[in-house]
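Please look over the model below before reading my points.

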Amino acid sequence: MTLPDETTYPGAAVIRPAEVADAADIAQLLGQLGYPSGPAGIASRLERLSASAADQVLVIERDGQVLAVASIHFMAYFHRGELLCKITSFVVEEGCRGQGVGSALLARIEHIARQRGCQRM
């Protein structure tokens, strides 16, 4: 089953690829984990990663507010002959934790990994 780039979840939340316009919200989220970064730095990273077939950055938003962000990287596990999906960052807005936001984002990542043929995450 193929899902579109944007998928609507209960509560009208949408999971979609991150955009440069999300940079301020993503910077705020990463700051909650102790990784302070300005919107310009995040925008630069988003532009760089958008050109990579091995990387994706996803957000889940509701009513125009970014509730969570995750970045993933695909890499060959040479010694096993497998493809691996690695979650390189994952954060849910403090006020949204425990509401299924992270679970929905993780389920989307798992779906993407399976579509890409990953045997491990």
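**Notes on the model**

1. Ala76 is exposed, because its relative accessible area is 64%. (Exposed means over 50% relative accessible area, buried under 20%, and partly exposed in between, with a 1.4 Å probe and protein chains only.) Ala76 sits in strand S4, residues 65-77. Leaving out residues up to four places away in sequence, Ala76 touches Glu82 and Leu83. Touching, or contact, means heavy atoms within 4.5 Å. Gly100 is 24 residues from Ala76 along the chain, and their C-alpha atoms are 31 Å apart.

2. This is a predicted model: local features need pLDDT of at least 70, side-chain atom pairs count only at pLDDT 80 or more, and totals for chains, interfaces and linings use all residues. Residues are numbered from 1 along each chain as its sequence is written, and side-chain values use heavy atoms, with hydrogens and water left out.

3. Now the helices. The axes of H1 (residues 23-32) and H2 (residues 39-50) come within 8 Å and cross at roughly 110°. That makes H1 roughly perpendicular to H2, a label for angles of 65 to 115 degrees. H1 brings Ala23, Ala24, Ile26, Ala27 and Leu30 to the contact; H2 brings Pro39, Ile42, Ala43 and Leu46. By class, this contact of H1 with H2 has nine nonpolar, no polar and no charged residues.

4. Cys118 is buried, with a relative accessible area of 13%. Cys96 also counts as buried, at 9% relative accessibility.

Definitions and conventions
Axes are lines fitted to C-alpha atoms, for helices over the stretch in contact, and angles run from 0 to 180 degrees between N-to-C directions. Helices (H or I, at least four residues) and strands (E, at least two) are DSSP runs, numbered from the N terminus. Angles under 35 degrees count as roughly parallel, over 145 as roughly antiparallel, 65 to 115 as roughly perpendicular and the rest as oblique. Ala, Val, Leu, Ile, Met, Phe, Trp, Tyr, Cys and Pro count as nonpolar, Asp, Glu, Lys and Arg as charged, and the others, Gly among them, as polar.
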